[in-house]
Amino acid sequence: MPESLYGKDLICTQEWSMDELVKCLELAEDMQKHRFSPKYTKLLKDRTFFMFFYNPSVRTRQSFECAATELGGHAQYLEPGGMRLKTKKSAGETVEDAAQVMSRYACGMGIRILEDKVAAYGDGDNMLREYAKWSDIPIVSMAHDKYHPCQGLADIMGLRKHIGENLKGKKLLLYWGHGALARSWCSVQEAALLYSRFGMDVTIASPEGYDLDPAVIAATKKNCAENHQKFEIIHDPKAGYSGAHVVYSRNWMSPNAYLNGEFQKPLEIEKALKYTDWICDEAKMKLTDNGLYIHPMPIDRGHEVTDEVASGKRSIIYDVAENRLHVQKAIMALTMSEKYK
Ligand code: CP
């Protein structure tokens with residue numbers, strides 16, 4: 001059994017051991033089965049979890065609020081814009097001060113910072129690590145420019161239900177979908193890292209010019225090699241579907257999305273919308289090994305995926321969205337409840 005996870009940050013699942021990840025998933029699965037059992041409803045009694053949202057959210061905000069309530073505590077929504085924090089562009093309170101003060105109030109802190117709220121790729125990750133350095137309470141990524149660990153765990157919980165606990169040798173197609181959202185790399189990078197930890201064979205398919213972070217690709221390749229699985233990057237809109245057990249389609253930004261400290265959203269969208277062949281549709285899904293369709297949501301229907309696939313029999317999008325609640329309850333319990341100290 002792993003050591004206690006009490007007090008541990010969750011910025012990327014790659015920083016947790018396999019034993020820790022499985023412990024979290026098993027607890028989440030039990031919490032789903034016994035959702036309102038008294039064994040879980042007082043784990044965070046009288047405790048507060050702070051949530052900093054620099055960007056909007058449906059699932060993350062609602063599921064964290066419900067998770068805190070179901071554990072007997074409270075999740076407090078904070079708008080960083082209302083807190084006079086120091087930024088690259090304005091004077092204000094430092095992370096060093098803010099983090100140490102907030103640690104004295106709350107049992108944990110979640111941060112979301114994506115897309116146009118950072119000046120360059122990696123700034124969001126640096127900010128979370130700065131909070132982690134100065135806080136005495138766990139820092140949890142609620143999706144930042146590099147990673148989305150809660151989403152990754154919710155995905156794996158969905159795959160364990162629909163495929164089984166042993167995911168070794170199952171093929172993941174991580175597929176770039178054209179779209180009008182110019183999304184950060186967080187969900188797809190988390191998926192590449194985490195699915196490969198669980199022994200899946202990984203194919204990433206995108207048009208030329210949509211490379212992900214080279215350090216994340218290198219770590220994913222290493223995970224695949226350690227599990228004796230294949231890793232490949234291809235630039236064909238159809239070929240990767242052959243034999244896939246799981247298809248994950250999602251738009252992501254190009255490596256040129258930041259210029260002179262600004263996120264080039266209109267340019268990214270204009271460029272991405274030209275790749276109309278890059279959509280997950282029923283004809284391509286027929287090439288898979290009866291593959292499941294997965295997406296972290298919100299979905300850009302008609303661009304990343306057709307309605308037929310997103311709402312079809314092999315789509316597990318709503319199960320995965322539900323799992324956000326259960327995995328976040330498990331994360332909060334294990335890292336913030338004294339019961340698991
Ligand atoms: N998947 C996800 O994080 O959804 P939200 O952006 O709605 O929180």
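**Exercise 1. State which domains supply the shell around the ligand.**

Solution. The structure is a predicted model, where local features need pLDDT of at least 70, side-chain atom pairs count only at pLDDT 80 or more, and totals for chains, interfaces and linings use all residues. Residues are numbered from 1 along each chain as its sequence is written, and side-chain values use heavy atoms, with hydrogens and water left out.

**Exercise 2. Describe how the two domains are placed.**

Solution. Taken over C-alpha atoms, the centres of domain 1 and domain 2 are separated by 25 Å. Their contact (heavy atoms within 4.5 Å) takes 33 residues from domain 1 and 30 residues from domain 2.

**Exercise 3. List residues around the ligand and sort the shell by kind.**

**Exercise 4. Find polar contacts of the ligand (N or O atoms within 3.5 Å), then its cover.**

Solution. Start with Ser-57: an N or O atom in its side chain is 2.7 Å from an oxygen atom of the ligand. Next, a polar side-chain atom of Arg-112 lies 2.9 Å from a ligand oxygen. For His-148, a polar side-chain atom lies 2.9 Å from an oxygen atom of the ligand. Finally, the protein covers 92% of the 250 Å² of accessible area (Shrake-Rupley method, 1.4 Å probe) that the ligand has on its own.

Methods:
A polar contact is a pair of N or O atoms within 3.5 Å; within protein, one must be able to donate a hydrogen and the other to accept it, and residues adjacent in sequence count only if both atoms are side-chain atoms. Domain bounds come from an automatic or database domain assignment.
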